[in-house]
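User: I am new to this structure. Please take me through some of its features by question and answer.

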Amino acid sequence: MAWLGAGGAMLLALLLALNGYSHHANEMPVSDETNFLFESIWVGDHGGVSGWLGHALRGEYPFDNRTPGMALLGSPFAQRSLDAVRPFRALSAVLAALALLGIYAAAAKAVGHRTALFTAALLAVSNTWTYGAGKIAVEPFVYLPLFVAWLLMAGYWRPRGRWLWAGVALGIWYLFKATALLLLVAMGIAAAVEATQRARRERVSLRAQAVPALHALGWLLLGALLVVWPVLWNNTVAHGNPLHNRNTSFLWLDSYDQRLVNGGGPGLGGYLQTHDAPEIAGRLRDGMLVQGKVLLALFAGPYAAWWFLAAPALFLGIFGTFTDPVRWRKTFTLVFVALVILLFAWWAKLTAIERFTGMLGPILAFEAARGVRRAVRNPWSGWIRSRRRHAGWAALGTLLLLASLGLGLGVRRDGLASPGEALQPAPKYAYLKEWLFVHAVHRQEVCAVTSYFRPNYDLFWLLPPEHKVVLLPPLPSFEEFRAWAAKQQARYLVVELSTWKSRAGVLAPHLADRNPDPRMARFDLPGWKLVDQDPHPPFADYLIYERE
């Protein structure tokens, strides 16, 4: 019945790609999508992949808050035009489909087609996969090298050169997402735990137990270095640290906007000096509550006919991990799951996004399938066990049918039809874009803005590199804003009215109209005069001030 598994996986992959792309093909790019577009434009402007390698060797790759994998893949589509968006999203949809097929193939190779199809069906309809399949993002594609690395390191798959190949998979993961380091840390912790327990149990020296782990670690690192050495070299030359990533400094922020004040976070030492134990514990507690909701979303989504089974599926994943008879696999997997949950529980104070914890989806779906198999092999399940072959494929067929129907019925025809018109921002933001081109590009006048992040407002990646647009940081007072504006030589201030409250310390005391609807707000800013605004009715979504 392997044909059912392979055919089902290919059907799910096709429907996943069509579903994801059709839902987002006609949307304006926002947030991280624009960052990937901007970075891919930089790579394209500097000679593509081969040019990037030369710049990396000289430490000249300028982006330090994400690794360059997606920018390299997207560089063929790079252009400062909205025409680049649809091809890039189509690439993301294809990568998502390939990731699903790859996870199925890896799981089938490791343990069998039934477990592999169960895993693929759970993932294909989850919100993380259907959403990411149509957006410009590294997820869910990055989950494929993650899953392969985990299978190899956990010992489900033991080919010749196992640890070298695990390192290559880990390196590919790191090329797209620096969270690959979590798997390496989990291996170190789990290896130390296992070596200590075995040394006590067998009454041998800890050093003797550590030798095999160090040997495996060496091959693992070698495999990873074969892939990511240019990235590490660039970081070393540019920042003095091969593992440099600006996001690590954000761990110690209380709000994401604080990064705009000094370009980063205060560091662990600075954080501990300004926060006491109850505050730290409260942050972790609140983050863990958020992570509980995020974990439930691993197996739920708008196209999951079994959305009500999200909690049981999550329980089965944890059950499968705890009941693994191989001590190393159990320890290693539990340590990795705990690290991911704790890290993003801490990060939840800044932002809580499903795709962060989504890396656990393939592992827990796989373990859920394994948990079901172990459950039906118990002595009390003899009746089920005697019929499990046919019953198992029947259940998988039903699962496949429900997943396919959910994804297929969710495909939007208008998203797949060849659009007659190119993507265009809403007229009000097209006006702002042209205004910024005139002032921040052609006239080279510094324009401060209150936010980059808003649908139809993420247009700054379309501006050429010499633009003079700067983002207003969360300053505590108007006096500090005056000093900051003078230092930046800002001539204009664009107040985007749906986000001005994040700059309330500067703007709120000067709110002239106390109407609760922010779209009707007006500000009397000493030393600044209103010179332009959103001209489109019924409300102005942004105001433009000039320094007097």
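The questions below go from the whole chain to a surface patch and then to aromatic rings.

User: How many helices and strands are there in the chain?

Analyst: This is a predicted model. Of the chain's 548 residues, 51% count as buried. Its secondary structure comes to 25 helices and 5 strands.

User: Which helix gives the largest share of the nonpolar patch?

Analyst: The patch covers about 460 Å² and is made by Leu53, Leu57, Trp229, Trp233 and Val237. Helix H3 (48–57) and helix H11 (206–239) each supply at least two of its residues. The largest share is 3 residues, and the helix they come from is H11.

User: Is Leu57 buried, partly exposed or exposed?

Analyst: Leu57 has its place in helix H3. Buried means under 20% relative accessible area and exposed means over 50%. The value for Leu57 is 37%, so this residue counts as partly exposed.

User: What kind of aromatic pair do Trp435 and Tyr492 make?

Analyst: The whole structure holds 24 aromatic pairs. For Trp435 and Tyr492, the ring centres are 4.9 Å apart and the planes stand at 85 degrees, so the pair is edge-to-face.

User: How many residues apart are Trp435 and Tyr492?

Analyst: Trp435 counts as buried because its relative accessibility is 8%, and Tyr492 counts as buried at 5%. Trp435 is in helix H23 (residues 427–442) and Tyr492 in strand S3 (residues 490–496), so the pair links distant parts of the chain, 57 residues apart.

User: Which residue lies over the face of Trp346?

Analyst: Arg66 lies over another ring, that of Phe36, at 5.4 Å from the ring centre. Over the face of Trp346, at 4.2 Å from the ring centre, lies Arg283.

Terms used. Residues numbered from 1 in each chain as written. Predicted model: local features only at pLDDT ≥ 70, side-chain atom pairs only at ≥ 80, totals over all residues. Heavy atoms only, no water. Patch = residues over 30% accessible without salt bridge, like charges linked within 9 Å, V, L, I, M, F, W, Y side chains within 5 Å. Areas by Shrake-Rupley, 256 points an atom, 1.4 Å probe, with all protein chains shown as cover. Salt bridge = Lys/Arg side-chain N within 4 Å of Asp/Glu carboxyl O. Helix = DSSP H or I, 4+ residues; strand = E, 2+ residues; numbered from the N terminus. Buried < 20%, exposed > 50% of the residue type's maximum accessible area, 1.4 Å probe, protein only. Phe/Tyr/Trp six-rings, centres within 6.5 Å; stacked < 30°, edge-to-face > 60°. Lys NZ or Arg CZ within 6 Å of the ring centre and 35° of its normal.
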